[in-house]
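Here are my notes for someone opening this one for the first time. Have the model on screen and go through the points in order.

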Amino acid sequence: GIDWSQGLLTDGGYTYIYGLGNSHLYAARVTGIDLSGSWTYYDGANWSISPVSASPILFPAENETSVSKIGSTYVLLTMDATAGQVVTSFGCSPVGPFGSRQVIYTTPEQSTYPSSYGIIAYGARAHPELDSSPNTMVASYCVNLLGVSGPASLSDASVYRPRFLDVSLR
């Protein structure tokens, strides 16, 4: 019931694997970077070898939530697709606890394109490999149209592409 494809974070000799199930975010980890090794699952207090013991680290969670380490802080980035907002939470470990959600960007596409397009912004991700300083984060999100189908959906190539943001974490 958990889709373990939300993201990865390598930190402190472990690779953390994030999964989504029933709008909850979960965490597992392996020693090193070999994902075929033995997984352990965060149960809310400790790490267990039993996948059924996994406890949520965040609710609600959206698809494509990412956790990154920026300086000594763990930054959880996700998207409130309904509101078209990129949101973040800060934590002190790869499994939190994460603080309250803070809106860092409201996507403008829903109001810049014709309403017939049925624009949706989704899939916010952090890209720590592109960060230029310890106080910034590069983030992206995707945009698609739901209201137009068939060949007409390809008529405006400016819609279906990722957007990138430079976010100051100060």
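**Notes on the model**

1. Start at Pro97, which is found in the loop between strand 8 (85–91) and strand 9; helices (H or I, at least four residues) and strands (E, at least two) are DSSP runs, numbered from the N terminus. A cis peptide bond joins Gly96 to this proline, with omega at about 5°.

2. A word on what you're looking at. This is a predicted model, where local features need pLDDT of at least 70 and side-chain atom pairs count only at pLDDT 80 or more, while totals for chains, interfaces and linings use all residues. Residues are numbered from 1 along each chain as its sequence is written, and side-chain values use heavy atoms, with hydrogens and water left out.

3. Now the open sheet: five strands run in the order 1-2-3-4-5, with antiparallel pairing (two strands pair if DSSP finds at least two bridges between them). Strand 1 and strand 5 (47–48) are at the edges with a single partner strand each, so one side of each has no neighbour in the sheet.

4. Look at the pairing of strand 1 with strand 2 (residues 14–21), which is antiparallel over six bridges. Across it, Leu8 stands opposite Ile17, and Thr10 stands opposite Thr15. Their hairpin has two residues between the strands, and Gly12 there takes a positive phi near 60°.

5. Next comes the loop between strand 2 and strand 3 (24–31), where you'll find Asn22. Asn22 has a phi near 50°, a positive value in a residue other than glycine. Ser23 is in that loop too, and it has a positive phi of about 60° although it isn't a glycine. For the cut-offs, buried means under 20% relative accessible area, exposed over 50%, and partly exposed in between (1.4 Å probe, protein chains only).

6. How many aromatic pairs does a search of the whole structure find? It finds seven. Trp4 and Tyr41 make a tilted one, 5.7 Å centre to centre with 55° between the planes. That pair links distant parts of the chain, with Trp4 in strand 1 (residues 3–11) and Tyr41 in strand 4 (residues 40–42), 37 residues apart. Trp4 is partly exposed at 24%, whereas Tyr41 is buried at 11%. The rule used here is that rings of Phe, Tyr and Trp (its six-membered ring) pair if their centres lie within 6.5 Å; planes under 30 degrees apart count as stacked, over 60 as edge-to-face and the rest as tilted.

7. Tyr14, Tyr16, Tyr42 and Trp47 form one aromatic cluster. Arg29 lies over the face of Tyr14, 3.8 Å from the ring centre (a charge sits over a ring if NZ of Lys or CZ of Arg is within 6 Å of the ring centre and within 35 degrees of the ring normal).

8. On to the largest nonpolar core, which has 19 residues; Leu77, Val86, Ile119, Met137, Tyr141 and Val159 touch the most other members. Such a core is a set of buried Ala, Val, Leu, Ile, Met, Phe, Trp, Tyr and Cys residues joined through side-chain atoms within 4.5 Å. Strand 7 (73–80), strand 10 (119–126), strand 11 (136–145) and strand 12 (162–168) each supply at least two of its residues, and the largest share, five residues, comes from strand 11. A second, separate core of 15 residues includes Leu20, Ile57, Ala61 and Tyr74.

9. Thr107 is worth a click: it lies in the loop between strand 9 (102–106) and helix 1 (109–112), and it is buried at 7% relative accessibility. Its side chain makes a polar contact of 3.0 Å with the side chain of Gln110 (a pair of N or O atoms within 3.5 Å; within protein, one must be able to donate a hydrogen and the other to accept it, and residues adjacent in sequence count only if both atoms are side-chain atoms). Not counting residues up to four places away in sequence, Thr107 touches Met79, Gly84, Ala121 and Tyr141, where contact means heavy atoms within 4.5 Å.

10. Last, Gly123 lies in strand 10 and is buried at 7% relative accessibility. Leaving aside neighbours within four places in sequence, Gly123 is in contact with Glu64, Met79, Ser140, Tyr141 and Cys142.
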